[in-house]
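Here is a short report on one protein model. It covers nonpolar cores, a helix pair and one backbone angle.

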Amino acid sequence: AGVAPTDDSFTIVAPGPADHDRDGPALVSDPDLGFEGLRSFGPNLVHHTQLKIRSGLATNAFMMVDSPGMIDSPGGDGRWERGYDFEAAVRWLAERADVILLFFDPDKPGTTGETLSILTNSLAGTDHKLHIVLNKADRFERIHDFARAYGALCWNLSKVIPRKDLPRIYTMCLPTARTKGGLGLDDLDRSREEVVGHAFAAPARRLDNAVTRLRDSAATLLVHAKVAHHARTQAT
């Protein structure tokens with residue numbers, strides 16, 4: 001039991017003419033990058049954020065944000081165990097993302113408390129751009145082990161996703177040299193290509209997501225207007 005070892009920083013990977021790294025304070029101080037809003041979460045988050053500009057990427061059409069790995073909370077308010085409100089920070093980034101990929105490893109298929117709280121509190125309402133991935137599926141040597149991990153992930157997701165039918169879970173692995181054996185490697189390759197396709201479709205989805213955010217904001221404004229009108233009517 002206890003906190004599992006994991007990376008502790010948000011890493012933003014962006015295309016550029018040359019490789020260059022910038023720390024969190026420099027990142028949030030540049031208004032052209034669009035991350036100045038992270039200041040509201042305090043210095044602990046800012047100092048656990050970094051920008052990596054890389055040349056030679058497969059695309060220069062979007063940025064990628066790699067979040068810290070999920071951990072098991074030994075107790076207390078897990079939101080603040082990192083020194084900042086992790087759930088709120090993830091929510092801030094998720095609202096601005098065009099595509100969200102949520103990766104699970106076979107050894108802990110959705111069983112950490114932080115993962116469940118993120119799905120419940122931070123990623124609620126992002127179903128239209130959220131894709132769930134069971135990664136490293138080539139580690140399984142027996143179909144029984146795969147079925148057990150896949151079933152455990154479905155069970156844990158069913159507790160936090162209020163839907164009759166669970167969303168699709170992509171099973172994939174990283175492209176590496178392989179030996180003979182394993183389970184359905186060709187299927188894993190096809191699934192990975194689909195996930196990569198979703199990621200590369202991010203620029204095309206940007207307009208759709210902007211329309212969705214505008215509609216949600218308009219609905220919220222309408223509710224506030226009705227409440228204000230009702231309160232004014234009752235006061236007169």
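Which residues in the largest nonpolar core touch the most other members?

## Nonpolar cores

The model is predicted. Its largest nonpolar core holds 34 residues. Within this core, F10, F104, L119, L123 and L157 touch the most other members. Helix α3, residues 86-96, supplies the largest share of the core, at six residues.

As general background, nonpolar side chains tend to be buried together in soluble globular proteins.

## Packing of α3 and α4

Helix α4 spans residues 113-122. The axes of α3 and α4 are 10 Å apart, and the two helices pack at an angle of about 50 degrees.

On the α3 side, the contact is made by F86, E87, V90, R91 and A94. On the α4 side, E114, S117, I118, N121 and S122 take part. By class, the contact of α3 with α4 comprises four nonpolar, three polar and three charged residues.

## Backbone at K136

Where is K136 placed? K136 sits in the loop between β6 (130-134) and α5 (143-158). Phi of K136 is near 60 degrees, a positive value in a residue other than glycine.

Is K136 buried, exposed or partly exposed? The relative accessible area of K136 is 25%. Buried means under 20% and exposed means over 50%, so K136 counts as partly exposed.

Conventions:
Residues are numbered from 1 along each chain as its sequence is written. This is a predicted model: local features need pLDDT of at least 70, side-chain atom pairs count only at pLDDT 80 or more; totals for chains, interfaces and linings use all residues. Side-chain values use heavy atoms; hydrogens and water are left out. A nonpolar core is a set of buried Ala, Val, Leu, Ile, Met, Phe, Trp, Tyr and Cys residues joined through side-chain atoms within 4.5 Å. Buried means under 20% relative accessible area, exposed over 50%, partly exposed in between (1.4 Å probe, protein chains only). Helices (H or I, at least four residues) and strands (E, at least two) are DSSP runs, numbered from the N terminus. Axes are lines fitted to C-alpha atoms, for helices over the stretch in contact, and angles run from 0 to 180 degrees between N-to-C directions. Contact means heavy atoms within 4.5 Å. Ala, Val, Leu, Ile, Met, Phe, Trp, Tyr, Cys and Pro count as nonpolar, Asp, Glu, Lys and Arg as charged, and the others, Gly among them, as polar.
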